[in-house]
Amino acid sequence: MTTSDSHAEIRERASNDPFCGRTGIELEDVGEGTAETRAVIDEDHLNFHGTPHGGLIYTLADAAFAAASNSHGDAAFALETNISYLAAAEVGDTIRAVATETHLGGRTAEYEVVISDDDGERIATFRGRVYKPSR
């Protein structure tokens, strides 16, 4: 499978992801080892403190991580992830998660995902590692 074919397949699969669809997460871009997702914060995304639920922020980052880690055309399975929450976004904000491959080794790869608000301010940092059994 060519790189452009794998990117088209990721776009297709992401656009049909039922969980991302229910949460309003969209895949904006995918490239070799990179991806970007976005969501617009609405009232349904808030927790009992009135701030965006951490699960939404995590899911946004995880969706970008999944697209980036599968962008080479071989299946990638998460080994570990973590997230650091730094600030809260507001209702109406468009938040973005940009995943970047920071290491591609034998059968593992590592990614950093920066989640930011409308002003480009970082609201969270997500890191993840994947296993690629076919490499």
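Predicted model: local features only at pLDDT ≥ 70, side-chain atom pairs only at ≥ 80, totals over all residues.
## The largest pocket

The largest pocket has a volume of about 570 Å³. Its lining counts 28 residues, and the closest to the pocket centre are I10, R13, A66, A67 and N70.

Helix 1, helix 2 (18–23), strand 1 (26–31), helix 3 and strand 3 (77–85) each supply at least two lining residues. Helix 3 gives the largest share, with seven residues. By residue class, the lining splits into 16 nonpolar, six polar and six charged.

## Helix 3

Helix 3 covers residues 54–69, which makes 16 residues. At 1.5 Å a residue it should span 22 Å. The C-alpha atoms at its ends are 22 Å apart, so the model agrees with that expectation.

Its buried residues are L56, I57, T59, L60, A61, A63, A64, F65, A67, A68 and S69. One of them, A67, is also among the residues closest to the centre of the largest pocket. An α-helix has 3.6 residues a turn, so residues three or four places apart point the same way.

D74 sits in the loop that runs between helix 3 and strand 3. Its relative accessibility is 13%, so D74 counts as buried, the cut-off being under 20%.

The side chain of D74 makes a polar contact with the side chain of K132, at 3.2 Å. Beyond residues up to four places away in sequence, D74 touches S69, K132, S134 and R135. S69 is itself one of the buried residues of helix 3.

## S15 in helix 1

S15 belongs to helix 1, residues 3–15. S15 has a relative accessible area of 56%, so it is exposed, the cut-off being over 50%.

I25 lies 10 residues from S15 along the chain. Their C-alpha atoms are separated by 9.2 Å.

## V40 in strand 2

V40 is part of strand 2, which covers residues 34–40. How accessible is V40? Its relative accessibility is 37%, so V40 counts as partly exposed.

With neighbours within four places in sequence left aside, V40 is in contact with H45, G92, D93 and T94. V40 can also be placed against S15. The two are 25 residues apart in sequence, and their C-alpha atoms are 16 Å apart in space.

Terms used
Residues numbered from 1 in each chain as written. Heavy atoms only, no water. Helix = DSSP H or I, 4+ residues; strand = E, 2+ residues; numbered from the N terminus. Buried < 20%, exposed > 50% of the residue type's maximum accessible area, 1.4 Å probe, protein only. Expected span 1.5 Å × (residues − 1). 1 Å grid on protein atoms, 1.4 Å probe; cavity = no way out; pocket = protein on both sides within 12 Å on 5 of 7 lines; lining within 4 Å. Points joined across faces, edges and corners; volume = space filled by probe spheres on them. Nonpolar A, V, L, I, M, F, W, Y, C, P; charged D, E, K, R; others polar. Polar contact = N/O pair within 3.5 Å; in protein donor to acceptor, adjacent residues only side chain to side chain. Contact = heavy atoms within 4.5 Å.
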